[in-house]
Amino acid sequence: MKRSINSLLGYIIKGTDGEIGKVDDFYFDDQTSTIRYMVVKTGGWLSEKKVLISPEAFQKLDSESKTLSVYLTQEKIKNSPDIDTDKPVSEQQEELIRGYYAWPGYYGNGMYGHMGLGMWGYPLVEVRETEKKLTKRKAEEHTNDKPHLRSTREVTGYAIHATDGDIGEVEDFIIDNVTWKINFLVVETGNWFSGKKVIISPHWIKEVKWQEQKVTINHSKEQVKNSPKYDSSQPINDSYEHSLNDYYEK
């Protein structure tokens with residue numbers, strides 16, 4: 001089922017022996033457009049520590065009670081490695097936390113986009129070359145930074161630029177809560193299209209300028225404006241997805 005990231009913020013996280021905290025943010029890999037971690041702000045029992053939890057620990061999502069159950073105990077969370085979520089999460093920190101929870105690594109096993117492109121506008125060759133350069137730099141400079149891990153809160157508000165001008169800003173993300181892949185970005189068009197909301201697939205992204213907080217897509221303003229209407233109050237079904245893909249592939 002497809003869900004909005006914003007709708008999951010504030011969900012209560014329940015461990016096997018009690019409440020752990022609430023969902024505060026998500027980290028996604030911009031090469032694969034896949035959620036890698038949920039950021040959970042723990043309750044008073046742990047002095048509001050922020051912890052990272054992988055989807056591999058998720059058990060059951062309950063929309064009615066707004067809870068997400070995980071296969072973790074409070075004690076396990078309490079003794080987890082300290083990670084400063086206000087700073088970029090390094091590869092070394094990921095290895096530490098995944099080792100602690102015995103979660104398998106995912107480096108090099110990502111799923112990529114269509115026509116030889118990775119998500120968020122990265123060509124496959126460029127992705128692989130970037131990985132090689134990062135590996136070399138890590139060996140030479142002993143650096144462990146992993147720049148492809150992004151916060152959904154951070155990317156919210158990024159400007160969306162069509163081939164012929166701006167169309168709006170990132171307002172939300174639509175994810176598949178089985179694969180935890182980002183299927184769409186929700187764009188608030190504001191004054192551009194009289195406040196109409198549209199959705200954009202990561203496959204349509206041509207370029208992302210992270211420092212400028214701008215995402216450029218491969219379609220014109222007119223194409224986006226005339227795309228099938230998106231109703232944020234209704235779940236995205238297969239029929240709507242097919243009509244949207246057919247429209248942009250013409």
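This is a predicted model: local features need pLDDT of at least 70, side-chain atom pairs count only at pLDDT 80 or more; totals for chains, interfaces and linings use all residues.
The secondary structure of the chain amounts to seven helices and 14 strands. Of the 250 residues of the chain, 48% count as buried. Among contacts in the chain with a separation of 6 or more, 55% are accounted for by residues 24 or more positions apart.

Strand β4 (residues 34-42) is mostly covered, with eight of its nine residues buried, and it is paired with β3 in the antiparallel sense over eight bridges. Within this pairing, Tyr27 stands opposite Tyr37 in β4. The two strands form a hairpin with four residues between them, in which Ser33 takes a positive phi near 60°. Strand β4 is also joined to strand β5 (residues 50-53), by four bridges and in the antiparallel sense, and the bridge partner of Val39 in β5 is Leu52.

Met38 belongs to the largest nonpolar core, which has 62 residues, and together with Ile13 and Ile53 it touches the most other members of that core. When neighbours within four places in sequence are left aside, the contacts of Met38 comprise Ile13, Val23, Asp25, Phe26, Val51, Leu52, Ile53, Phe58 and Leu68.

A search of the whole structure finds eight aromatic pairs. In one of them, the ring centres of Phe28 and Phe173 lie 6.0 Å apart and the ring planes meet at 50°, so the pair is classed as tilted. This pair links distant parts of the chain, since Phe28 is placed in strand β3 (residues 18-29) and Phe173 in strand β10 (residues 165-176), 145 residues apart. Phe28 and Phe173 are both buried. Charged side chains also meet aromatic rings: the charged end of Lys76 sits over the ring of Tyr100, 4.3 Å from its centre, while Arg150 lies over the face of Trp210, at 3.7 Å from the ring centre.

Strand β14 (residues 214-217) has two strand partners, pairing in the parallel sense with strand β9 (residues 159-162) over three bridges and in the antiparallel sense with strand β13 (residues 205-209) over four bridges. Val215 takes part in both pairings, as it stands opposite Ile160 and is also the bridge partner of Val208. The strands β13 and β14 form a hairpin with four residues between them, and Gln213, which lies in the turn, has a positive phi of about 55°.

In helix α3 (residues 91-101), the buried residues are Glu91, Glu94, Ile97, Arg98 and Tyr101. Seen down the axis of α3, these buried residues fall within an arc of 125°, so they line one face of the helix. Just after α3, Ala102 adopts a positive phi of about 60°.

The C-alpha atoms of Ala57 and Ser69, residues that are twelve positions apart in sequence, are 8.6 Å apart in space. Leaving aside neighbours within four places in sequence, Ala57 is in contact with Ser69, Val70, Tyr71, Leu72 and Trp103. The C-alpha atoms of Thr73 and Lys14 are separated by 8.8 Å, although the two residues are 59 residues apart along the chain. With neighbours within four places in sequence again left aside, Thr73 is in contact with Thr16 and Asp17.

Note on methods. Residues are numbered from 1 along each chain as its sequence is written. Side-chain values use heavy atoms; hydrogens and water are left out. Buried means under 20% relative accessible area, exposed over 50%, partly exposed in between (1.4 Å probe, protein chains only). The arc is that of the directions from the helix axis to the C-beta atoms. Rings of Phe, Tyr and Trp (its six-membered ring) pair if their centres lie within 6.5 Å; planes under 30 degrees apart count as stacked, over 60 as edge-to-face and the rest as tilted. A charge sits over a ring if NZ of Lys or CZ of Arg is within 6 Å of the ring centre and within 35 degrees of the ring normal. Two strands pair if DSSP finds at least two bridges between them. A nonpolar core is a set of buried Ala, Val, Leu, Ile, Met, Phe, Trp, Tyr and Cys residues joined through side-chain atoms within 4.5 Å. Contact means heavy atoms within 4.5 Å.
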